[in-house]
Amino acid sequence: MTTLLLFLATALAEITGCYLPWLWLRRDGSPWLLLPAAASLALFAWLLTLHPAASGRVYAAYGGVYIAVALGWLWAVDGVRPTRWDLLGAGLCLCGMAVIMFAPRAS
């Protein structure tokens, strides 16, 4: 459960860090949005270091969580409800993440 919560926090930090410059560039937002964006991306990078697994494994598994969180963002922030195909794809990605992160490994 700790791993999943850490992945969730990591994904939210990355999406926020990318969304704020998007608001600035595409929606004529304030350039001041770049400061919290930079802080959020720094938080994202730091959160990735907290995962106990090897970095390559963490990055691979994180991709599945990122996809699911991005679809949640699509619904919550953009107001677009994900389709059943979106949800199926996210579910498959989360299954892949679980295999990568939780498979038994030789010590």
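**Terms and their grounds**

Tutor: Among contacts between residues at least 6 apart in sequence, 68% join residues at least 24 apart, where contact means heavy atoms within 4.5 Å. The model is a predicted one, in which local features need pLDDT of at least 70 and side-chain atom pairs count only at pLDDT 80 or more, whereas totals for chains, interfaces and linings use all residues. Residues are numbered from 1 along each chain as its sequence is written, and side-chain values use heavy atoms, with hydrogens and water left out.

Student: How do you know how many helices and strands the protein has?

Tutor: Helices (H or I, at least four residues) and strands (E, at least two) are DSSP runs, numbered from the N terminus. By that rule the protein has four helices and zero strands, and the pattern along the sequence is α-α-α-α.

Student: What makes D28 buried or exposed?

Tutor: D28 has a relative accessible area of 71%, and therefore D28 is exposed. This residue lies in the loop between α1 and α2. Phi of D28 is near 55°, a positive value in a residue other than glycine.

Student: Which class does A38 belong to, and why?

Tutor: The relative accessibility of A38 is 46%, so A38 counts as partly exposed. A38 lies in helix α2. Between A38 and L8 there are 19 Å in space, C-alpha to C-alpha, and 30 residues in sequence.

Student: Why is L92 placed in its accessibility class?

Tutor: L92 has 56% relative accessibility and therefore counts as exposed. L92 is found in helix α4. The C-alpha atoms of L92 and T2 are separated by 21 Å, and the two residues are 90 apart along the chain.

Student: What makes a set of residues a nonpolar core?

Tutor: A nonpolar core is a set of buried Ala, Val, Leu, Ile, Met, Phe, Trp, Tyr and Cys residues joined through side-chain atoms within 4.5 Å. The largest one here has 17 residues, and those with the most contacts inside it are F7, Y62 and M97. The elements that give two or more residues to this core are α1 (2–26), α2 (34–49), α3 (55–76) and α4 (84–102). M97 touches L4, F7, A61, V65 and F102, not counting residues up to four places away in sequence. In soluble globular proteins, nonpolar side chains tend to be buried together. Of the 107 residues of the protein, 28% count as buried.

Student: How do you know how many disulfides the structure holds?

Tutor: A disulfide is a pair of cysteine sulfur atoms within 2.5 Å. The structure holds zero disulfides. C18 is in no disulfide, and the nearest cysteine sulfur, that of C93, is 18 Å away. C95 is likewise in no disulfide, with the nearest cysteine sulfur, again that of C93, 9.3 Å away.

Student: Why is C18 assigned to its accessibility class?

Tutor: C18 has 41% relative accessibility, so C18 counts as partly exposed.

Note on methods: Buried < 20%, exposed > 50% of the residue type's maximum accessible area, 1.4 Å probe, protein only.
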